[in-house]
Structure formats: C-alpha cells, structure tokens
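Please look through the sequence and the model below before reading on. The paragraphs after them lead from one chain to the contact between chains, and then to single residues.

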Amino acid sequence: MTEHTSAHGRPPDTLPVIVFTVKGVRMGTEVRQVSELLDVREAEARALKTARFDEYIRVRGPAPPAEGRRALVVKGGPVPRGIVVDAAEDVTDIAVESIRPIPPLIASASASRAVWGVAIRDDGIIVLVDVSELGRDAREAAGPQGAPATEV
Amino acid sequence: MEPRRTSALILEELKRRRASEQIVDVDEAQIKLVIFALLDELYAFPGTDVREILPLGKISYVPGAPEYVLGVINVRGDIESVITIHRFLDLPEGRRTPKSRIVLAAKDGVRSGVLVDSIEDVVDVPASRVTPPLSILDDARKELVTGAIEYRNRNVTLLDIGKVFAKISA
C-alpha cells in the first residue's frame, strides 16, 4: 500500500478512492495514485502504454463488452502507463474504520501484493488495490523500460 | 409369591439402562462432530474446529486469489475468507443451493469459511467409534483424513481442516 498518512504521521480518517469494476468485481484505488482517468480511445490517441487490469491480476468471469472501458493513468514509474478497467464508477471517501485487511489465508495464497484490503460499505464490499504494485514483479524483471504494458 | 407388576419391571429396566448409559458417559470420551455433505459423500470436522455455521450469503470475489478461494464474506463487520475443499478431495465442484452453508472453521491460528453443500447433523459420538482412515485412500486425501465413523449406515470421513489450511498457506 502506498504510504498515506496525516501531518501527524497517523492514518487519515478517510481514504479518497476511485471505484471501478473489472468483470463485475468492484474495486477501489487511492485517488492519489492516479493522475488521470481517460477514455480508452483517448489513451490510444496519446499512444499511452496500457494493459488491461486482468493482465496483471487474474479476475474470474466473462469480460463485459468493451464499450465504456476507461484507462487509469498511474502516477510514478519510468513511463506513464494506463490500466484499463471495464468502468469507473465514482470517486468516494472511504472511512478508514470500514477497512479490513485481506484475510491471511487469501494473502498467503495470492500471487499479487497489489490487493491489500477490503472496505465494508452499505452497498457491499470494495476490494482495495494498490495500482502502483500492479506488475511490479514484471517491471523489476524487465528493467527501466517497464512491462507488461502493450501499445493500444 | 405375588408376580411383579409390569410397570415395576419396566421402571426397573429403565433404571438399569440409565445406569449403564451413565457408566458409558463416564468411561468413554465423546467427540463432537459437525457432519456435512459434499455432493453425495459425508464428511465431518471436529466440533472444536468449528466456530459457526453460516447461511450462504454473498461471497465477494478477490482478484488474484487461487481457484479454491471463493472470496470473502462480511460476518458482523469482520471479513472472513471462504474456500472450497472439493478439489482437495478430488471432487467436482458442488452446486450452490438453498441448503448450502458456510462452516466457519479455525485451527492453528488460521480461520476461514468452508463452503459445504449441506449440514447433515451435529453429533456427539464415542471416540472409540472413530476408525482409522481407509488404506485405499489416495495420497491427496490421506493427508487430510483423520478417520471415519458410521452414521446412519453411511460412512463419514473425518477431515483435519488444519491440514487444508496448511496446504493453502504453503
């Protein structure tokens, strides 16, 4: 998880997140990890390196139609990269007290470090993802040019 | 000599039976078992490993989790994982039905829900009724099985949920 603390070094009371869906799974990532939210066509026009979310982490289920897909442009890294999601729903503040860690059994069995928590909301559960961690292993192996993003 | 009344004989017999049951209770250790079904087969966890039996509600999938992790559930504000153990027992996946339940189990400091096709019973049985695992079990199953009992003329396989958790965490 990207460090996010208040001026006094304590966690904030709320975490602003962008809520998005991939194959029907609701997820959220910290707003401050994302510099832009683009229509996929615009990402193509800018020749941004992009990869679908589920190229980094496997997500079960059938992919919905491509219309409405958005690219989250991730801050940091050697080159800007876009992570393509099926839809971006909302920007919302999540109360930190509603956040729970991933149960140890799942954390130990999962290949990715990117999924770090779960927020309990009245309308269901939001899986919290550190998008800067997505593909970190592959990028480290690939060196400064980054991987596994592909041109769109 | 006056014949003894039937009622007295019955009461005496009942008293004798009760006394013999009490002797069994004192002498024989009992174990509690939570018996459940996976497809057509019966399995059981020791009651000491079961925290709660939950109705099947919404399971939220967690990306990146292996196939046998179904996702997470919200249990009164706590997030618990839910797994399926079918594949560890070489069984095809069961179908989720209104009889499906989540057994919240804990062992060796690890806790998780386990999806089962139905709960059959919660029983106390004498420890002596537990027989060793069948020698014909394949290696994958043998690792998880601690024994067997007969229950209503059916075989019930006793599982060590701690071994399942250890396999997943390994």
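What follows is a guided reading of this predicted model.

Residues are numbered from 1 along each chain as its sequence is written, while chains are lettered from A and ligands numbered from 1 in the order in which they are written. In this predicted model local features need pLDDT of at least 70, side-chain atom pairs count only at pLDDT 80 or more, and totals for chains, interfaces and linings use all residues, with side-chain values resting on heavy atoms and leaving out hydrogens and water.

Of the 152 residues of chain A, 43% count as buried; here buried means under 20% relative accessible area, exposed means over 50%, and partly exposed lies in between (1.4 Å probe, protein chains only). When contacts in chain A are taken between residues at least 6 apart in sequence, 65% of them join residues at least 24 apart, a contact being heavy atoms within 4.5 Å.

The next topic is the meeting of the two chains. Chain A brings 21 residues to the contact and chain B brings 24 residues. The area buried between chain A and chain B is about 1,900 Å², and carbon and sulfur atoms give 68% of this area; buried area is the accessible area (1.4 Å probe) that two parts lose on being put together, summed over both. Arg60(A), Leu105(A) and Ile106(A) supply 36% of the area that chain A buries against chain B, which is more than any other three residues.

Across this interface the rule finds 2 salt bridges, a salt bridge being a side-chain nitrogen of Lys or Arg within 4 Å of a carboxyl oxygen of Asp or Glu. Arg60(A) forms a salt bridge with Glu67(B), and the closest N and O atoms of this pair are 3.8 Å apart. Between chain A and chain B there are also 9 residue pairs in polar contact, counted where both residues are at pLDDT 80 or more. A polar contact is a pair of N or O atoms within 3.5 Å; within protein, one must be able to donate a hydrogen and the other to accept it, and residues adjacent in sequence count only if both atoms are side-chain atoms. On the side of chain A that touches chain B, the elements giving two or more residues are strand 2 (25–30), helix 3 (104–109), strand 9 (115–121) and strand 10 (124–129) of chain A. Helix 3 of chain A gives the most to that side, with 4 residues.

In soluble globular proteins, nonpolar side chains tend to be buried together. The largest nonpolar core of this model has 58 residues, and those with the most contacts inside it are Phe53(A), Val129(A), Leu134(A), Phe45(B), Ile83(B), Ile85(B) and Leu159(B); such a core is a set of buried Ala, Val, Leu, Ile, Met, Phe, Trp, Tyr and Cys residues joined through side-chain atoms within 4.5 Å. Helix 3 (residues 161–169) of chain B gives the largest share of this core, 4 residues. Apart from this core lies another, of 11 residues, among them Leu33(B), Ala37(B), Val125(B) and Tyr151(B).

Ser112(B) lies in strand 7 (residues 110–116) of chain B, and it counts as buried because its relative accessibility is 0%. The side chain of Ser112(B) makes a polar contact with the side chain of Ser81(B) at 2.9 Å. Beyond its neighbours within four places in sequence, Ser112(B) is in contact with residues including Leu105(A), Ile83(B) and Phe165(B).

Over all chains the structure holds 22 salt bridges. One of them joins the side chains of Glu30(A) and Arg32(A) (3.4 Å, N to O); Glu30(A) counts as buried at 4% relative accessibility, whereas Arg32(A) counts as partly exposed at 41%. Lys23(A), Arg52(A), Asp54(A) and Glu55(A) are linked in a network of salt bridges.

Most residues other than glycine have a negative phi, and most peptide bonds are trans. Arg76(B), however, has a positive phi, near 50 degrees; Arg76(B) is found in the loop between strand 4 (69–75) and strand 5 (78–84) of chain B, and counts as exposed at 67% relative accessibility.
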